[in-house]
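Hi everyone, thanks for coming. Let me put a structure on the screen and walk you through it.

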Amino acid sequence: MITLDGKVCVVTGALGLIGNPLARALAEAGGRVVLTDLDHGACVDRAQSLGGGGGDALGHGADITKPESLASLLAAILDRFGQIDVLVNNAAIDDKFGGSAPHESMFEHYELERWRKILDANVTGTFLCCQVLGGAMAERSKRTAGTAQRTGGSIINIASTYGIVAPDQSLYRKPDGSQPFFKAPAYPTSKAAVLGFTRYPRRVLGRRRHPGQRPVARRRRERPGRTLRCQLSRAHPLGPDGDSRRLRRRHGVPRQRRLVVHDRRQPCRRRRVHGMVSPLSLAEAAARAARIALVLADNDGVMTDGTVYVSANGEEMKVYNVRDGMGVERLRERGIATAIVTREPPALIARRAAKLELRHLWTSVRNKHAHLDRILEEANVSLDQLAYIGDDLNDLEIIAAIGEVGLTAAPADAMPRVRESVHYVCTAPGGRGAFRELAEWLLRLRSNSGGQR
Ligand SMILES: NC(=O)c1ccc[n+]([C@@H]2O[C@H](COP(=O)([O-])OP(=O)(O)OC[C@H]3O[C@@H](n4cnc5c(N)ncnc54)[C@H](O)[C@@H]3O)[C@@H](O)[C@H]2O)c1
């Protein structure tokens, strides 16, 4: 834990979600905290509650977009404490769209007024705080330079991952696929500007090199470290510059996001998002995999690529992949049975099921979710011993039920809503290795959990 030892710490936006606990943490570390936000009365109340907790706090309202408001804040701080040691520029506005606002939050319809307001608070406000409050810090530092009481100070500007990477609009999408609003353009732009601006005052207000003083590595403090930036852009579906790539060495890690948009190798750089998997820690996924006793698979679009060949006399043919067959075998060797549940009649599937020595085959099942109790009973397994792979909308219900306690997957070419609902999205499409990939994923997870290999 840091010790601030009476240092005067100013937190802007101190009534907000992050500002409030931040102010409390600074007070608990021994700082004398100045809480400032738009509402003067609430700042005074919050400071009193902090002061009661052992800190020496001041609450004072200010609008960071107005120089005269900041000047009066500065006067109040200097009057009470005589100095500022730490300035946290935390206040900001993010778009709040009540209810459903897909239209007004869209880039095409985004209002200029909103854009100006957000840039004013987030960028101009940060600039003014650095100029007025930071200027007073620099002034004091200059006055005391070369003396035994030489002082310094720290300015911390709060940016956002959205200052580094573009917003992922799918995060704001509802499970039913509707988009109540889009992350609008002003906030990410303002946060990128905060990062850019932060490089500037350091040169103007920052430390001069005194004898014996170590220079601060130029880039270290001006923007997030390279490792952090790389991780952020890798973990983000858009990447910082729209370049397309997969996350390396993270196959099989739940919540992995697969591919990015604006793929340069695609004609016209079309949007290409291969989906993302839902939240589940690796440990939890491994624990679930260790329990799996039966893998249930849809037939068409999973075990086959969904194509049906029809001959002149009406005979139908479907194509299966031997690699998927090997997946069934590898699971069986490790004590995991495979079964097919499909709405199709048995005619075309029975032979393949017999060849694969599937323990169960449920055909002509129109509602797989409604059939689940019977599956559990006949297979003599519990819900948490099931894994399921499906590709179409009629699989969504059973995926949701099994996904609660078991594991779910979808081929790469499954319907988008299915891909968004499962734990694992295969890189292989249906009928061309998706089932094998699921089998290998489960076995890999089981070896992670220390289960059977
Ligand atoms: N919450 C998050 O998930 C998140 C993520 C990344 C970055 N951030 C950043 O962290 C900081 C705090 O975020 P938060 O979630 O606590 O936001 P918040 O909306 O809860 O709080 C922001 C505060 O700033 C104040 N404010 C707005 N305009 C002001 C002005 N002109 N003058 C003075 N005060 C003003 C608001 O009154 C509010 O109390 C912001 O800079 C935000 O961009 C937040």
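Predicted model: local features only at pLDDT ≥ 70, side-chain atom pairs only at ≥ 80, totals over all residues.

Residue numbers run from 1 along each chain as its sequence is written.

So, the sheet. Five strands form an open sheet in the order S3-S2-S1-S4-S5, with parallel pairing. Strands here are DSSP runs of E with at least two residues, helices are runs of H or I with at least four, and both are numbered from the N terminus. Two strands pair if DSSP finds at least two bridges between them. Which strands stand at the edges? Those are S3 (58-61) and S5 (154-157); each has a single partner strand, so one side of each is left without a neighbour in the sheet. From one strand to the next, the twist averages 15°.

Now the helices around it. H3 packs on the sheet and touches S1, S2 and S3, its direction making about 165° with that of S3. H4 lies across S1, S4 and S5, and runs at about 180° to S4. For these angles, axes are lines fitted to C-alpha atoms, for helices over the stretch in contact, and values run from 0 to 180 degrees between N-to-C directions.

Let's zoom in on Val10. This residue stands opposite Leu87 in S4, and S1 and S4 pair over three bridges. Beyond its neighbours within four places in sequence, Val10 is in contact with residues including Val34, Ile77 and Leu133; contact means C-beta atoms, placed from the backbone, within 7 Å.

Val10 is also one of the residues with the most contacts inside the largest nonpolar core, which has 49 residues. Such a core is a set of buried Ala, Val, Leu, Ile, Met, Phe, Trp, Tyr and Cys residues joined through C-beta atoms within 7 Å. Buried means 20 or more other C-beta atoms within 10 Å of a residue's own, with C-beta atoms placed from the backbone. H4 gives the most to this core, with ten residues. A second, separate core has 48 residues, among them Leu331 and Val341.

Last stop: strand S6, residues 294-297. Leu294 and Leu296 point one way, Val295 and Ala297 the other, and all are buried. S6 pairs in the parallel sense with S9 over four bridges, and with S11 over four bridges.

How values were computed: Buried ≥ 20, exposed ≤ 12 C-beta atoms within 10 Å, placed from the backbone. Contact = placed C-beta atoms within 7 Å.
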